[in-house]
Structure formats: structure tokens, C-alpha cells
Amino acid sequence: MAEVIDGKKVAGDVLGKVKALTADLGAKGITPGLAVVIVGEDPASQVYVASKSRTAKECGFHSVQHTLPAETGQDELLKLIAELNADPAIHGILVQLPLPPQIDAGTVIQAIAPEKDVDGFHFINVGKLGTGELATAFVPCTPAGSMLLIERVRGKDLSGLNAVVIGRSNIVGKPMANLLLAANCTVTVAHSRTRDLPALARTADILVAAVGRPEMVRGDWVKPGATVIDVGINRIPAPEKGEGKTRLVGDVAYAEAERAAGAITPVPGGVGPMTIAMLMANTVTSAFLATGLERPSF
Ligand code: NAD
């Protein structure tokens, strides 16, 4: 039976550290500030944004939420970003995606000051991660959180280990691959055009699934003893719970995979809680850097 990697516990540890660091800053008269911007009324986005704003408050941050109507124009949003870039009380700016069709998400993300880009999506931060400048980069929250979970099991130096990342998105797959490379793994990125994925997955000491296909990774894809990180969050019908009910599953067939794996993240309760915790970690880090203090480590 695999060790179950408790993302809620690790996320709680990260948030505990964020609160302590926020108290240290408070003693210097500084409060980390996070601005979350949402355009439109997508129900899932509203839930995410509310939970980010709430956690920011719990951490002791100055938490600001800007809710703009769905018909907001791009120029209006860019004007708000420019104001937030110039506001010394704000250390982190997050624009919730997706944005409505009249707004180009790429243009908006590149308008965020790189030193306030706590999502890590600005080209400057993407480039720093790609070139191994981790000491000054903001790394996207989900892969950064996944990496902390891997470190809990395998330590910080992953020399000699093979990692396979399934998924090549800019938000998860690619930054995850870069983080594993920076930790000295031998990394392969698999995607929808990869041939014989099960055989490739079986070479992985560290297997990360970020696809968005319920339970795609089967038990016999997992090398015995491997560390399995399941990033996927998929809602599927659960008639056993009653008519119309649903449940969340990952991209990994958990019951099968945990028999082979050395350690595995559950869904829910694995990578999910890490994402928001790392957003808070990035924001307090930004406040430290803006104050000329040494970057804290997580
Ligand atoms: P995406 O749709 O942008 O990317 C999916 C990737 O999977 C693509 O690169 C694609 O090539 C690859 N893929 C698709 N079908 C495949 C197949 N049959 N075989 C191999 N590869 C295949 O998705 P994303 O934003 O990277 O998210 C991936 C999953 O992670 C989703 O379930 C999403 O909900 C979840 N997610 C979770 C968190 C979290 O906080 N835990 C955060 C972000 C995303």
C-alpha cells in the first residue's frame, strides 16, 4: 500500500508559515496585499475567487477583490491593472481566468508587473523558470505546490530519478517539467500525441498526471514504488450517491495505482489545497522582496 501524501496537511504547514511571515512584516508596519480580479459571473470562477480572497484574509493580508461586469472592455481592465501595478499596498495581482471573449488573456497577463505576478504567468517569470533562475522567479502555484509534495517524499535533490509529466499546458505541465529538471530529474513530457503512454509512464520514478481525463492513468502504468502526483480534478456522475449526484476524481485510477505506487496524492485532498497555499506563499514572498528583505523559502 502506498503512502498517501496529505496535501491538506502540507498546505496547512505552508499557510502556517505564511501567517508567521505576515506577522514578521506586520512588526515592520507592512501588510502583504493581494488583489484578485474577476470579470463576469462564471460560477466556478466565483467560487475560486471567493476562496482565494477568504484565505488571504485568514493569512492577515490586505485582500482586495475587484468584480467587473461580463461586458467590461479590455482597456478598462488594463487600466485597473495599471492602477494595481502602481499601488504600493498591493504585492500580488491575480486575474482569474477564463476572461470573456472580448478580452485577450495574454495581453492582460503581460500587463501585470512581473514582480506582482503571483500566478507566475508573465513571460519574465516563465523565462526565469525556464532558465533555472528560481531564486527570483514566481512559479505557477499548482506545479510549485506539487513540487513541495514531491519534496516531502523524495527530498529536494531528485538526481538520478526519471520523471514523466503527462500534459504540456503552460499552467501545469510545462512549469512542472521545468521544476523537476531544476531538481536534477531526467524529465519526459508526454501529451495527447505521445505514443505508447503506458510504457512511458512505467519508466517514471515520479509520475505527474495533469491531463483532465478522469482516471486515465491505470494501475499497470505505475512503476512499483513510484511517487504519483495527480493534478487532475474531474467531476463525474456518482449514481451510487443518489440520482444526479457527482464526485471528484483525478486523472489517476487511485484504487489501482495505490497498490503499485510508493506514494500517491488523493483527489480531493492532494494537489488541490496546495494551489491556494502557494498563491499565499507567492504573495508574502512578493511583499518580502518589495521591502528589500531576503526571499523566504517554503
Ligand atoms: P489543459 O487542458 O490545458 O492541458 C491538458 C494536457 O493534457 C494537454 O497538454 C494535452 O496534450 C494533454 N492530454 C490530453 N489528452 C491526453 C491524452 N489522451 N494522453 C496524454 N495527454 C493528453 O489542462 P491543465 O490546465 O493543464 O489541467 C489539467 C488537469 O489539472 C485538469 O483536470 C485541471 O482541472 C487540473 N488542474 C488542477 C489544479 C489544482 O489546483 N489541483 C490546477 C490546475 C489544473
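**Reading the ligand site, pockets and backbone**

Biologist: What distance separates a nitrogen atom of the ligand from an N or O atom in the side chain of Arg213?

Modeller: The distance is 3.3 Å. Keep in mind that this is a predicted model. An oxygen atom of the ligand sits 3.2 Å from a polar backbone atom of Ser192, and a backbone N or O atom of Val231 is 3.5 Å from an oxygen atom of the ligand.

Biologist: What share of the ligand's exposed area does the protein bury?

Modeller: The protein buries 71% of the 860 Å² that the ligand exposes when taken alone.

Biologist: Which residues come nearest to the ligand?

Modeller: There are 21 residues around the ligand, and the nearest are Arg168, Ser169, His191, Val231 and Thr275.

Biologist: Now the empty space. What shows where it is left?

Modeller: The general idea is to roll a probe the size of a water molecule over the atoms, which shows where empty space remains. In this structure the largest pocket holds about 1,400 Å³. Its lining has 50 residues, and those closest to the pocket centre are Tyr48, Thr142, Val231, Ile233 and Thr275. Val231 and Thr275 are also among the residues nearest the ligand.

Biologist: Which elements supply at least two residues each to the lining of the largest pocket?

Modeller: They are helix H2 (43-58), strand S4 (92-95), helix H6 (141-154), strand S9 (234-237) and helix H10 (272-290). H2 gives the largest share, 6 residues.

Biologist: How do the residues of that lining divide by class?

Modeller: The lining of the largest pocket has 27 nonpolar, 15 polar and 8 charged residues.

Biologist: What is the volume of the second largest pocket?

Modeller: Its volume is about 580 Å³. The second largest pocket is lined by 19 residues, with Leu134, Glu151, Lys156, Leu179 and Phe298 closest to its centre. H6, helix H7 (173-182) and H10 give two or more residues each to this lining. By class, the lining of the second largest pocket comprises 13 nonpolar, 3 polar and 3 charged residues.

Biologist: A cavity differs from a pocket in that the probe fits but cannot get out. How many cavities of 30 Å³ or more does a search of the whole structure find?

Modeller: The search finds 1. The largest cavity has a volume of about 30 Å³, and Val95, Leu97, Ile109, Ile112, Asp117, Asp119 and Phe121 line it. That lining has 5 nonpolar residues, no polar ones and 2 charged ones.

Biologist: Turning to the backbone, where are cis peptide bonds found?

Modeller: One joins Leu97 and Pro98, with omega about 0°. Pro268 belongs to the loop between strand S11 (263-264) and H10.

Biologist: Is phi of Asn184 positive or negative?

Modeller: Phi of Asn184 is positive, near 80°, in a residue other than glycine. Asn184 lies in the loop between H7 and strand S6 (186-190).

Notes
Residues are numbered from 1 along each chain as its sequence is written. This is a predicted model: local features need pLDDT of at least 70, side-chain atom pairs count only at pLDDT 80 or more; totals for chains, interfaces and linings use all residues. Side-chain values use heavy atoms; hydrogens and water are left out. On a 1 Å grid over the protein atoms alone, a cavity is a set of points where a 1.4 Å probe fits but cannot get out, and a pocket is an open set with protein on both sides within 12 Å along at least five of seven lines; lining residues have an atom within 4 Å of a point. Grid points are joined across faces, edges and corners, and a volume is the space filled by probe spheres set on the points. Helices (H or I, at least four residues) and strands (E, at least two) are DSSP runs, numbered from the N terminus. Ala, Val, Leu, Ile, Met, Phe, Trp, Tyr, Cys and Pro count as nonpolar, Asp, Glu, Lys and Arg as charged, and the others, Gly among them, as polar. A residue is near a molecule or strand if one of its heavy atoms lies within 4 Å of it. A polar contact is a pair of N or O atoms within 3.5 Å; within protein, one must be able to donate a hydrogen and the other to accept it, and residues adjacent in sequence count only if both atoms are side-chain atoms. Accessible areas come from the Shrake-Rupley method with a 1.4 Å probe; for residues, only the protein chains shown count as cover.
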